[in-house]
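Dear colleague,

Please find below the structure that I promised to hand over. A short account of what was found follows it.

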Amino acid sequence: MTKFFWADQIADRIIKEKGKKKVYVCAAGTGLSGIVHIGNFRDVITTELVARALEDKGKKARFIYSWDDYDRFRKIPKGISKEYKKYLGMSVSEIPSPLGKGKTYARYFEKKFEDSLEKVGVEPEFIQQSVMYKKCKYASLIKLAIEKRKEIMKILNKYRKEPLDKNWMPLTVYCEKCKKDFTKIINIKDYFIEYECKCGYKNKIDYRKKGIVKLLWRIDWPMRWKYEDVDFEPGGADLNAAGGSWMTGKEIVKKVFDYEGPLGQMYEWIKIKGGKAFSGSAGNVLTLDELEEVYEPEVLRYIFVGTRPNKGFQISFDNDIIKIYEDYDTLERKYYKGKANTQEKRIYELSQLNKPLKKKPGKKGFRHLITFVQLKKEKELNRESRKRAEKVANWIKKYAKEDMKFQVKEKTSAKLNKKEKQAMNELKKSLIAKNYTEEELFNEFYNICKKIKIKNTDFFDATYRVIIGKNKGPRLASLILIAGKQNIIKLLGQIK
Ligand SMILES: [Zn+2]
């Protein structure tokens, strides 16, 4: 492990390579072919952390998020009505929302992701490409791309088996009548484009006044680096692939738009452990709000902050979630005791939505709350623990396996041998005699075992069978105390 936190290292690299600037622009973004998923979240949080690292160094950073919502609707994603076939070829910002909610198809998915981002404290400046293009913001850069189209073709052809057609243009035109891009360019001169659509419509437009011209993705991306003056933008695991859009983009931005382009950072994809099977291509993807149901915002941030972007990892929905919460709590304790090293300190700070609180939050552990929630004792918790208990409750409902679930019996039907019965009787007497802390009660179990000469494991096994009708369960002392010792005394009293 290096001494320095990864986002701080990237920030240093940006300052060094880009030189002194008033504002450093950090960008992320995505297309909207369907649901915006957790891979997109890694993109945006990587950028957010680098922007925060720049600010912590006393620099000004602009954190932008681009919605590529002027892209064409290419295919119908899983879960979307087949009726959407009629919209193929239109911009995703022109077609209706799939659920009737939200203004458009694009806006529906955008809003969903924006809302979940806000919950984890990620609040970039959103830029809708549909708005930018329709307002003709890129006209002069589009003109440049047209003028240098031969240069662009040369770059792209290096990586193509079939070279591009000699009449190839770096753009597409959305028909004014049918809104689709089934158009053919007849003539381009200066800022004027003459086009003809499959629907029969024909027109000559000035693209400084009509925002229906869109650059193709591979030119669009580098054009926006130039337009927004982007200094940093991360990319998925295919970022460095030869001939990939990042690589051609870097060449295009230099040779066509005369700009150095951003520094990159490759991030690895995320795997899911436990829960249902999530897979991007099948359209059965994990979304940020599904994660937010079971992970606290700080813990969710912590998972991403604590892992270098180029390292893959798994997000767990199985019992490992308990360990993740415990790791976070351990880091929190270290931080407030002043025992965290430089790296750990940074990880904790950046896991917070804002600055860390002055006093350590008084939250109970996830494991402990599993018991509270199932005994329906949330009312006894403080506000912070109650909030965490909501996540625990969701987890139990949706993902926990049977071994984590239990209910305290009202009547016990456990079959016990003589020794076990003696032990239960001792336990009853102890509970009547004294009010224990969790630790004291735990020690008392061993006193009883010694006295009755019963094996520890047999004692625990029997007690669980009496209280919850299973051989295993949550920590026994805490179970008894949370359930209320009077209830347990009553249960133990039923043993004849
Ligand atoms: Zn048309």
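How many of the 8 residues of helix α18 (residues 476-483) are buried? Please note that the model is predicted. In it, 7 of those 8 residues are buried, so α18 is largely enclosed by the rest of the structure. The buried ones are L476, A477, S478, L479, I480, I482 and A483. Among the elements that cover them are α13 (366-374), α15 (418-433) and α16 (438-452), together with α17 (456-468) and α19 (485-493). After α18 comes G484, which has a positive phi, near 95 degrees.

Two packed helices are described by the angle between their axes and the distance between the axes. For helix α6 (residues 149-157) and helix α8 (residues 245-255), the axes come within 10 Å and cross at roughly 155 degrees. An angle over 145 degrees counts as roughly antiparallel, and therefore α6 is roughly antiparallel to α8. The crossing of α6 past α8 is right-handed. On the α6 side, the contact is made by E151, I152, I155 and L156, while α8 contributes T248, E251, I252 and K255. These contact residues comprise 4 nonpolar, 1 polar and 3 charged.

Finally, I turn to the cysteines. A search of the whole structure finds 0 disulfides. For C136, the closest cysteine sulfur is that of C175, 16 Å away, which is too far for a bond. C136 counts as buried, because its relative accessibility is 13% and the cut-off for buried is under 20%. C197 is buried as well, with a relative accessible area of 7%.

With kind regards

Terms used
Residues numbered from 1 in each chain as written. Predicted model: local features only at pLDDT ≥ 70, side-chain atom pairs only at ≥ 80, totals over all residues. Heavy atoms only, no water. Axes fitted to C-alpha atoms, helices over the stretch in contact; angles between N-to-C directions. Helix = DSSP H or I, 4+ residues; strand = E, 2+ residues; numbered from the N terminus. Parallel < 35°, antiparallel > 145°, perpendicular 65-115°, else oblique. Left-handed = near helix turned anticlockwise from the far one by under 90°. Contact = heavy atoms within 4.5 Å. Nonpolar A, V, L, I, M, F, W, Y, C, P; charged D, E, K, R; others polar. Buried < 20%, exposed > 50% of the residue type's maximum accessible area, 1.4 Å probe, protein only. Disulfide = S-S within 2.5 Å.
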